[in-house]
Every structure is written in C-alpha cells, then in structure tokens.
Amino acid sequence: MALTDRRRVNGPALPTSIPFYDTPAPAPTVSRSPTELRKIFLKTSLTPPASGSAFYELTPPSTLKLTTSVYGPRPLPPSAGFSPTARVTAELKFAPFSTRGERRGYVRDGLERELSLQLQIAISGMVRASAYPKSGIDVFVTVLDCEGRIEEMIGVDAAEGEGERASLGAMQVLTGAITCASTAIADAGIECVDLVAAGMAALVEAKDGKDMVVMDPSPLDGWQVRAAVLVGYMAARDEITLVWSRGEVGVEEFTGVMESAVEVATKVRGVVNDAVRERLVALLKARGKKEGKKAITEDVEMTG
Amino acid sequence: MTSTEATETTLSGLTFPAPVFRQIAPQKYLLRHLQSTPSTRPSSRRPDEFRPATLHANALSHAHGSAVVRMGDTAVVAGVRGEVLNLLHGEGKERGAVKLRFEEMEELEEDDDDQGETVRGMGLVVPNLELGTGCTHNYHPGPPSDFAQSTAERLRSLLLDTLHLIPTSTLRITHLDPATGTTDTKAFWVLYIDIVCISLDGNILDAALAATVAALKATKLPIARWDADKEQVVCSRDETRKLDISGGLAFTASFGIVGHKDEEEQENGGDATMKKWVLCDLDEFEEEVVTEKVMVCIRDGEKIAKLEKAGGVVAGTEEMMECVRRAKERYRELEKLVSAV
C-alpha cells in the first residue's frame with residue numbers, strides 16, 4: 001500500500017511475504033456427484049444488538065463462513081435526502097484472515113465494492129420498500145472464511161491465466177452472502193414480498209472432453225470450469241433478482257446452466273425457510289409463556 | 001383518554017413502562033435495580049456475575065491460529081496469520097541500503113531477553129481491531145471510530161508493552177551456516193493478529209484480549225528454514241510447530257463502580273454512609289451509564305500486570321481490592337477455558 005493507514009497498526013516498515021512452501025498445494029479432487037448439493041448451516045439472531053442477523057456456514061470439508069447483520073428500518077440521515085421508499089444498502093467485507101494467499105487489507109477494495117453492489121441488487125427486490133418511506137435498511141456482511149482462492153480465473157484457458165478475473169471462490173461468497181442476507185432481513189421482521197435464495201451452477205469440461213453441468217460447484221472440487229452462473233431467485237414468485245455469469249458459454253447452453261442454478265436456489269430456499277421458521281417458533285413459544293403468567297406488571301413507578 | 005382516567009393518573013403519580021424509564025433516566029434505572037433485594041442488574045445478572053465465556057479454537061481454515069470468543073452478547077473472532085520478514089535482500093546485510101535500515105535493529109535482533117523490545121521495535125506483532133462490521137448500531141464500515149482506535153491501542157499496548165507474551169526467539173528463523181558454523185538470523189515471522197467483532201454488547205476489551213490469547217495459543221506456524229540456494233525462506237507444508245508463549249496467559253477483567261448516598265435519610269439524621277456496588281463485565285447499557293471504570297489485567301502466576309482506573313470518586317481501597325479479587329477468579333475461569341486449546 002502506498003499510503004500507510006494512520007488509524008491502524010501497520011506492522012514492519014519493510015514488506016512481509018506470505019509463506020513459500022516446499023511442495024505445491026495438493027490438487028483438489030472431485031468428491032461429490034455433479035447433482036449433489038453441500039449441506040448449509042444457517043442460524044439466525046447470533047448478533048443480538050442488530051435488528052436481524054444470520055450466520056451461514058457450509059459444512060466441512062467446505063470452509064465458507066459468513067455473518068450478516070441487518071439494521072433497520074431506521075430513519076435516513078438528513079444528508080441522504082428524501083426517499084419515498086426504503087433504501088436498502090449492502091456492505092460486504094472480507095475479514096483480513098479470510099482468504100488464501102495475501103492477507104486482505106481493511107480498506108475496501110474493488111472486489112468488495114463489486115460484490116456489495118451485486119448483493120444489494122439481489123436483495124433489494126425482496127423487501128416491500130413502499131412500506132417504509134424515508135427509511136434505510138442496512139445490511140452488513142462479514143466474510144470470515146472463504147473457500148479456495150478468490151482471485152483465481154474462470155474460463156477456457158484458466159490454467160494459462162487467460163480467463164476472466166473472477167473466480168468460483170468470489171461467486172461462492174456472493175451466493176452465501178445473498179442467502180444469508182435474505183435470512184437476516186426476514187429475521188429483522190422487515191416486510192418482504194418473498195425470500196431470495198441464491199444458487200450456482202457451472203459448465204465444466206468432463207474427462208471425456210464433453211461439457212457437463214455441475215450443480216453447486218466448489219473451487220475445492222477441482223473441476224475444469226468453463227463458465228459459472230449464479231442466480232438470486234425468489235421461489236414463491238418465480239422471479240429472478242440477479243443473474244451473474246462468468247466465463248464463456250453458448251446461448252443454448254446458458255439456459256441449461258441457469259435452470260440448474262435456479263434448481264439449486266429452490267433447494268437452498270428450503271434451508272432459508274427452516275432457519276426463519278426455527279426462530280419464529282422460538283419467539284412464539286416465548287410469547288406464549290409470557291402470556292401464561294399475566295401477573296407481571298410492566299410499569300415501574302417513577303419516584304425520587 | 002377520559003377525564004376520570006386522567007385524575008387517576010395524577011393521583012397515583014407518573015408511571016412509565018420500564019423501557020421508557022430506562023430511556024429517560026438511565027442512571028436512576030440502574031440504581032433502582034441495584035437497590036432492590038437481592039441486588040440485580042437490568043440484565044438480571046448479579047453485580048458480581050460475569051457473563052459466561054465460550055471458546056472455539058481453530059475454526060478458520062486460512063488463519064494459522066484462530067479463536068471465537070463469546071461473552072454473553074459480545075462475540076469476537078481473532079485470527080493470527082504469520083508472514084515472513086526477510087532480513088536479507090540480494091547479497092545480504094553487507095549491502096549499504098539494507099544495512100542502513102537495519103543498523104539499529106541489528107542490536108535488537110540479537111538479544112532474546114530484551115523485554116519484547118525487538119518485537120516492538122521491528123513491529124513483529126501487528127494487532128488490529130475491527131468494529132465496523134455491523135456488530136452494533138453505533139459503528140459503520142469505513143475508517144475506525146475513535147472508540148475502535150483507542151481500544152485497539154489499549155490492546156496493542158497491553159500485548160506489546162505490558163505482557164510480552166510472544167518472545168522474539170519463537171519468531172526467529174535461523175540458519176546454521178555449515179561453512180563457518182555460525183547461526184544467523186535470516187528472517188522473522190510477523191504475526192498479524194486481526195480481531196473482528198461480530199456482535200458487541202459492551203466490554204470489548206476483555207473479549208478481544210481473551211480471543212487474542214486463545215488464538216495465539218492455538219497458532220501453529222509451518223516449520224521454516226532458510227534455503228541458501230533460493231536465498232529465501234521455505235516452509236514445510238506438513239510440519240508445523242506451536243508458538244512458544246513463554247509469557248504465559250493473561251486476561252483482563254473490567255468493572256464499573258456505582259455509588260449512592262441517600263440524601264433524604266441524611267437529612268433525617270439517619271445512616272449517611274455511601275452504598276457502593278462493584279459491577280463485573282459491563283454490558284452496552286451499563287457502559288454508557290457508569291462513569292467509574294476499573295480494568296485489572298492478571299497474568300500467569302496470578303500477578304497483576306496492569307491496573308487502570310478511570311473517572312469517579314466512589315472507589316476506595318476496599319472496592320479496588322474487590323476488583324482484583326474478582327479479576328483473579330475470572331482469570332482462573334478463562335485460563336481453564338484457554339488451557340484446553
């Protein structure tokens with residue numbers, strides 16, 4: 001970094017380098033069938049100070065972990081100007097220790113801005129914004145752990161570095177972030193038209209040289225990925241809020257890959273529903289208990 | 001509202017629901033809670049009750065060591081990553097440019113028993129604290145707030161100036177020259193400690209330090225050696241070693257002190273002594289209300305490493321002793337938790 005950040009502890013004056021290993025990293029191996037999805041652990045309300053929150057984790061050997069907190073609806077600051085509907089903003093940040101290779105800095109970089117923007121587009125469609133005039137809904141996503149390298153390439157000549165500079169790793173982070181953010185918004189009790197769930201599918205080169213579609217691909221699976229498609233999908237309304245495709249793919253093939261991604265998203269939606277329901281049931285139980293013993297008076301006399 | 005109801009309200013005095021009372025008179029709200037028998041805090045904890053701590057070590061795959069510590073509604077993740085600081089560039093120390101930069105450091109780097117002077121002087125341990133994660137409504141992404149910066153500085157100072165947890169020897173990467181038979185320091189490990197708060201309900205310092213110590217305890221660095229041909233430090237992919245934390249463990253415990261003198265009783269010639277409460281492990285609400293705060297840092301061997309007291313005139317020797325006593329108990333609790341790592 002050219003400028004040192006005076007607000008943080010910066011470390012040695014001379015640059016430090018990441019460990020150089022004597023042997024290359026073990027090559028990834030395919031361990032799942034192309035249609036098998038990974039299990040998702042999704043839990044709400046792990047950040048109690050926030051209006052709503054969720055924690056998302058892919059079960060091992062996958063390592064993706066992220067946490068989302070939602071604040072709002074809260075009044076927009078005077079500087080934001082008038083807005084007749086709710087303004088949904090999203091911020092995605094990688095923790096410094098979350099990625100393989102270089103440690104990530106604290107200042108927001110291009111990738112984080114890009115992912116934040118895509119996340120915002122994907123989730124703003126699910127909120128009933130007209131119900132909250134002059135309010136802001138802020139979504140914060142912190143990525144604690146990624147899977148694979150996030151700077152790697154996708155595309156036909158990925159090995160030669162000719163592909164597109166966005167990887168399965170980065171797309172996977174966005175997939176998790178959309179699902180997690182959508183759950184957190186529901187946890188905050190914000191009025192929604194539907195819930196968004198994200199799904200991903202990829203077109204990979206199989207051993208026989210033919211292309212095939214893989215659902216929920218992982219960078220750790222070691223597929224020869226030609227193209228990947230990510231969708232944000234609202235299953236109840238059958239609406240797509242976001243499509244993100246990377247790599248080269250023919251028009252006819254594209255429909256097939258996208259349909260697979262939608263299928264993944266539909267299945268993920270089941271996990272989102274369960275996470276939201278779990279919390280709701282707990283709340284209703286707690287309320288039932290409270291109403292059971294009515295003797296408690298909530299008022300406190302103000303004296304002295 | 002009908003007129004009869006209005007009269008009734010005036011007769012019975014003003015009443016408010018508890019949340020409103022808390023908003024308009026937070027100090028009195030806290031005091032009334034403490035004055036009830038048995039003395040209870042708004043969070044329904046006893047004054048001498050710490051929030052139970054939980055710990056998960058090495059849950060992250062890309063850090064050399066990590067720990068998640070949760071104390072009530074405060075949760076932090078600490079990750080430690082090692083990077084290599086090469087002392088040699090090109091032909092080595094003999095080169096003018098490099099030699100100039102390291103002239104004063106060379107004196108430092110040879111001595112292991114220097115009270116952490118090498119670690120501090122060369123910046124081998126880099127702790128940072130991030131609160132802009134949406135952990136509470138006060139902090140936003142972007143540059144760290146004043147509070148975040150001051151807390152990070154307190155933490156840095158504790159780690160590097162007071163505790164010297166990490167000895168220089170454990171960060172040194174040496175090379176035995178077969179020709180001359182001398183051992184040379186070729187490089188150092190630099191430990192980047194990043195503490196990310198994911199949920200904040202007061203008392204960030206205790207949680208952050210506990211997570212840092214636990215993460216350091218859990219850290220496994222790859223075995224590194226100097227490759228003379230490559231002129232580079234090469235790490236083993238399979239073999240790791242634990243960090244030697246010869247400084248031992250250390251934990252902080254934070255307290256708030258509240259005093260109240262009943263003036264009415266004093267006027268009536270009654271008991272006029274001040275009633276005092278020592279509150280352990282303040283939450284967000286208490287942190288805003290309580291002005292007198294004490295921080296006690298206990299280290300290995302149950303010695304006091306640091307003691308800070310800020311604001312207020314309530315605490316006497318007795319209260320301070322009480323804080324130290326409770327800090328010791330907390331130290332034992334956390335030590336048990338972290339020793340299992």
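Figure 1. The side chain of Glu147(A) meets that of Arg38(A) in a salt bridge, with N to O at 2.8 Å; a salt bridge is a side-chain nitrogen of Lys or Arg within 4 Å of a carboxyl oxygen of Asp or Glu. Arg38(A) is also buried, at a relative accessible area of 12%. Glu147(A) lies in the loop between β5 and α2 (168-187) of chain A, whereas Arg38(A) lies in the segment before β1 (40-44) of chain A, so the pair ties together parts that are 109 residues apart in sequence. The helices (H or I, at least four residues) and strands (E, at least two) named here are DSSP runs, numbered from the N terminus.

Residues are numbered from 1 along each chain as its sequence is written, while chains are lettered from A and ligands numbered from 1 in the order in which they are written. Because the model is predicted, local features need pLDDT of at least 70 and side-chain atom pairs count only at pLDDT 80 or more, though totals for chains, interfaces and linings use all residues, and side-chain values use heavy atoms, with hydrogens and water left out.

**Figure 2. Two salt bridges with partly exposed partners.** In chain A, Asp274(A) forms a salt bridge with Arg277(A), and the closest N and O atoms are 3.0 Å apart. Both residues belong to helix α3 (residues 251-292) of chain A, where Asp274(A) and Arg277(A) are three residues apart, about one turn of the helix. Asp274(A) counts as partly exposed at 43% relative accessibility, and Arg277(A) is partly exposed with a relative accessible area of 47%. In chain B, the side chains of Glu49(B) and Arg46(B) meet in a salt bridge of 3.6 Å, N to O. Glu49(B) is partly exposed, with a relative accessible area of 25%, and Arg46(B) counts as partly exposed at 47% relative accessibility.

**Figure 3. A salt-bridge network in chain A.** Salt bridges that share partners join Arg32(A), Arg38(A), Glu147(A), Asp216(A) and Asp221(A) into one network. For the whole structure, a search over all chains finds 43 salt bridges.

**Figure 4. The fold of chain A.** The secondary structure of chain A comes to three helices and 10 strands, which follow one another along the sequence in the pattern β-β-β-β-α-β-α-β-β-β-β-α-β. Of the 304 residues of chain A, 47% count as buried. Among contacts in chain A between residues at least 6 apart in sequence, 68% join residues at least 24 apart, where contact means heavy atoms within 4.5 Å.

**Figure 5. The interface of chain A and chain B.** The contact takes 55 residues from chain A and 65 residues from chain B. The area buried between the two chains is about 5,000 Å², with carbon and sulfur atoms giving 58% of this area; buried area is the accessible area (1.4 Å probe) that two parts lose on being put together, summed over both. Two salt bridges are counted between chain A and chain B, and Glu130(B) and Arg8(A) meet through their side chains in a salt bridge of 3.4 Å, N to O. Across this interface the rule finds 24 residue pairs in polar contact, both residues being at pLDDT 80 or more. A polar contact is a pair of N or O atoms within 3.5 Å; within protein, one must be able to donate a hydrogen and the other to accept it, and residues adjacent in sequence count only if both atoms are side-chain atoms. On the side of chain A that touches chain B, the elements that give two or more residues are β3 (65-75), β5 (135-145) and β10 (299-301) of chain A, and the largest share, five residues, comes from β3(A).

**Figure 6. The two domains of chain B.** The domain assignment of chain B, which is automatic or comes from a database, gives domain 1 (25-50 + 252-339) and domain 2 (58-247). In this view, 19 residues of domain 1 are in contact with 17 residues of domain 2. The count between these domains is one salt bridge, and Arg154(B) forms a salt bridge with Glu308(B), the closest N and O atoms being 2.7 Å apart.

Methods: Buried means under 20% relative accessible area, exposed over 50%, partly exposed in between (1.4 Å probe, protein chains only).
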